[in-house]
Amino acid sequence: MKYNERIREIREDHSLTQQKIANLLHIGQRTYADYESGKTRIPVDSLLLLARFYNVSMDYITGASNIKSKYPLK
């Protein structure tokens, strides 16, 4: 699974709107929609923020793994 598919899946699993996540990332809804559609690459710092917000590992959110591990604690 590609990261853009994964971030959409996770957002929908949490019943959140694109606007809600765009606000979290301090970007416009259209920009976030472009991330989910794969038109624009999402910055790594935004992926980290989403992984922390959803409490999932970077491997899971990027699609490198299908194992839903929790975000590592410091």
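**Gln-18 and Gln-29**

I looked up the side chains of Gln-18 and Gln-29 and found them joined by a polar contact of 2.5 Å (a pair of N or O atoms within 3.5 Å; within protein, one able to donate a hydrogen and the other to accept it, with residues adjacent in sequence counting only if both atoms are side-chain atoms). The model is predicted, with local features needing pLDDT of at least 70 and side-chain atom pairs pLDDT 80 or more, while totals for chains, interfaces and linings use all residues. Residues are numbered from 1 along each chain as its sequence is written, and side-chain values use heavy atoms, without hydrogens and water.

I placed Gln-18 in helix 2, residues 18–25 (helices are DSSP runs of H or I, at least four residues, numbered from the N terminus). Gln-18 counts as buried because its relative accessibility is 17% (buried means under 20% relative accessible area with a 1.4 Å probe, protein chains only). Setting aside neighbours within four places in sequence, I listed its contacts as Arg-11, Gln-29, Tyr-32, Ala-33 and Glu-36 (heavy atoms within 4.5 Å).

**Helix 1 and helix 3**

I then checked helix 1 against helix 3 (residues 29–37): the axes come within 6 Å and cross at roughly 120 degrees (axes are lines fitted to C-alpha atoms over the stretch in contact, with angles from 0 to 180 degrees between N-to-C directions). From helix 1, Tyr-3, Asn-4, Ile-7, Arg-8 and Arg-11 meet Tyr-32, Tyr-35, Glu-36 and Ser-37 of helix 3.

Note on methods:
Helices (H or I, at least four residues) and strands (E, at least two) are DSSP runs, numbered from the N terminus. Buried means under 20% relative accessible area, exposed over 50%, partly exposed in between (1.4 Å probe, protein chains only).
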